[in-house]
Amino acid sequence: MVEAALSARRSGGTCFTTEIEAKFEADTLAKRNQRLITGLLVSAPLYNLFLIADWLLVPDVVRLAIWLHVLVVTPWMLLAAWLISRKPRPFVRECLAASVPLLIIMQIDLCFAFTNSPGAAHYQYVVIPTLLYTNVSLHRLRFASARAVTALIVAIHVSLVLWVDYISSAVAAIIVIQVIICAYITLVANYTMERDLRRSYLFSLRDRLLHAEADAASRRDPLTGLANRFHLDEALKEIWCASEFTNVPVCVIMVDIDHFKRLNDRYGHGAGDLCLKRVAAILSGELRFGRDLAVRYGGEEFLLLLPDMDLMEAVRVAERTRRSIESAAIPNALGLSGVVTASFGVAASIPSDLGSSDLVAAADQALYAAKSNGRNQVWPPLATKISLIDRTSKSQVGSQ
């Protein structure tokens, strides 16, 4: 999608697809709002300096100009800046931005329409800075808005120039030509800047997507699609950093496919890979969305990381998963019951009581016990069983 948009940029145009436009708006929202707010706040005092032109060129309507500056245009510029700071919808924001140059041109043309001053023919040249302000400099509307606003400015001002009777035909023609040329040049500049901005955004978006894909690939096992050891280490570190001073338990389930080497030797690596993929899919189906992590730990070993889950619940999850693997009836004539089975070791701890590596080691110890006791079973960690016995003994002694 991004590559298609880049191809469209090379052939011209400033429009994105709906999805990319939404992403562009979200990524540039803060910068765009700040640009408009800063532009309006800086422009307000600069705009009022044009009262000097009113005083020198059209002194007969300078009072009208002052009233329009002070009571209409400047307050609206400040209000627009405040409204944009409230982060309105993009359409509302761009309408607010477009309203400012339109108000400025209305002020200029009202004074131009009512003056009888000999300098009025020169006064209309303040339209050119307005076009620069609209399309190129501080304000710089988006191209779609700039095109519409520029067309209105040219239409209003050219109509007024042709309507007043104190400007000769030759002077009127020069004015119209200059305004149209200025409008065209500033619109081309606006279009070029908008196109380059969007093209640069697409390149940065493509780089981010490529980086994200590479990062995701570095965290995934290519065969099963599960997380890899690198991702596991990061997840454990994050959980231990966030839960160091809490009493929220974390469970680890170690899973080992029984007699997997025999399956590989008998049916070949293709069958072994298919077995790993099917077991990985079963493990993934037991995860709570957004909370748990399934990891290919190495070879035919897997690991389930289950934050915020106690030991008994984790044992139930392991038993349910064990039955699902057995029920999948993946052929393995040299395994137990002629199908693929798996052994499970479960361990649980509060992060403040046990390090992450120690918890994984406890789950691995439990897995070893499950395999030593006949495979295709779930085994809770020995340390937990001992601690449960100790607590029971202490409770009995206390009651005596």
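## Starting at Trp-55

Trp-55 is exposed, with a relative accessible area of 56% (exposed means over 50%, buried under 20% and partly exposed in between, using a 1.4 Å probe and protein chains only). You'll find Trp-55 in helix H3; helices here are DSSP runs of H or I with at least four residues, strands are E runs with at least two, and both are numbered from the N terminus.

Before going on, a heads-up: this is a predicted model, where local features need pLDDT of at least 70 and side-chain atom pairs count only at 80 or more, while totals for chains, interfaces and linings use all residues. Residues are numbered from 1 along each chain as its sequence is written, and side-chain values use heavy atoms, leaving out hydrogens and water.

## The nonpolar patch

Helix H2 (18–48) and helix H3 (51–57) each supply at least two of the patch residues. H3 gives the most, with three.

## The whole chain

Zooming out, the protein chain has 15 helices and five strands. Its C-alpha trace spans about 110 × 60 × 25 Å along the principal axes. Of the chain's 400 residues, 44% count as buried.
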